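Good morning, everyone, and thank you for letting me take a few minutes of the meeting. Please look at the model on the screen before I start to walk through it.

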Amino acid sequence: MNQTRWTTFLKRKYVLTGLFCLLIPFITAAQTNPTILVLGDSLSAEYGLNRGAGWVKLLETQLQKDSSPWTVFNASISGETSSGGLTRTQKLLDDKKPRIVLLELGANDALRGLTIEQTQNNLKRIIELSKQSGSKVLLFGMQIPPNYGKEYAQQFKDLYGQLAKQEHIQLLPFFFNGLATNKELFQTDNIHPNEKAQNILFKNVWGAMAPYYSMLKSR
C-alpha cells in the first residue's frame, strides 16, 4: 500500500472511530433507561380510541414533563385474560427487564366465566414472576356488575386486595374510580371508557404510583 492510500485509510479509520465514540453515549442511554411495563387488556390497549389517546400515553407524557428518564412499554392486548397474560409474562420480563410492572388484568376472566381461583392463581403467578425478576408491581383492582352474581362479584372485587396484601405489593383499589357510574364516560358498548375518561384513569394510576415517585426521578 503506497503512502497516499495508507494516509487515506488512516483518515477513514479515525473518522469511523470518532463516530462510534459519539454513538456510545446514545446506545448506553437507550440500554439503561428504566422501563415501566404495562400488562393489561383492552382497557389499556386504547380499544375504540384514537391512537395516542389512552391513559398509557398520558403516563408517558407525564414522565416527559417531569424530565424522567423512564420509558413505558405497553404490552396490553384487547381481549387478554389473566391466563393469556401469564403465558407472555416471562418473555416480556426477559426482553424488557422492567423495574415496575403495572398489572391490569382480570376483567375478561369474569366475562368468560373463569373461576375466582383461576384468576387469582394466574395473577399471583404473574406477580411472583415479576418480583423474582426484580420488578415492583402495582396491581389494578377491578370490579364487575352484580348481575354476574352477587357472591361472585364480591369475591372478584376482594381477590385484588387479598393478592396485594399476600404478595406485599402496591394496589390501585379500583381502576374505574370516578367514572364507573357515569355513562357519558363510556363508549357505546357501556364497557370501555371513552376518550374523555382517559385522564381520570391516568390520575387514578398516577396517584397509586406515589410510592414510586422518587424512583422515577433517576435511572
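What we have here is a predicted model, in which local features need pLDDT of at least 70 and side-chain atom pairs count only at pLDDT 80 or more, while totals for chains, interfaces and linings use all residues. Residues are numbered from 1 along each chain as its sequence is written, and side-chain values use heavy atoms, with hydrogens and water left out.

Let me start with strand 3, residues 100-104, where a strand is a DSSP run of E with at least two residues, a helix is a run of H or I with at least four, and both are numbered from the N terminus. Why is strand 3 described as largely enclosed by the rest of the structure? It is because 5 of its 5 residues are buried, and buried means under 20% relative accessible area, computed with a 1.4 Å probe on protein chains only. In a regular strand the side chains alternate between the two faces of the sheet. Here I100, L102 and E104 lie on one side of strand 3 and V101 and L103 on the other, and all of them are buried.

Strand 3 also has partners, and strands pair if DSSP finds at least two bridges between them. Strand 1, residues 35-40, runs parallel to strand 3 over 5 bridges, with L39 opposite L103. Strand 4, residues 136-140, is likewise parallel to strand 3, through 4 bridges, and there L139 is the bridge partner of L103.

Turning to the core, a nonpolar core is a set of buried Ala, Val, Leu, Ile, Met, Phe, Trp, Tyr and Cys residues joined through side-chain atoms within 4.5 Å. The largest one has 57 residues, of which W55, L102, F175 and M209 touch the most other members. Helix 6, residues 150-167, provides the largest share of this core, 7 residues.

Finally, N108 lies in helix 4 and is buried, with a relative accessible area of 11%. Leaving aside neighbours within four places in sequence, N108 is in contact (heavy atoms within 4.5 Å) with D41, G79, E80 and T81.As for the largest pocket, helix 6 gives the most to its lining, with 4 residues; a pocket is an open set of points on a 1 Å grid over the protein atoms alone where a 1.4 Å probe fits, with protein on both sides within 12 Å along at least five of seven lines, and lining residues have an atom within 4 Å of a point.

How values were computed
Buried < 20%, exposed > 50% of the residue type's maximum accessible area, 1.4 Å probe, protein only.
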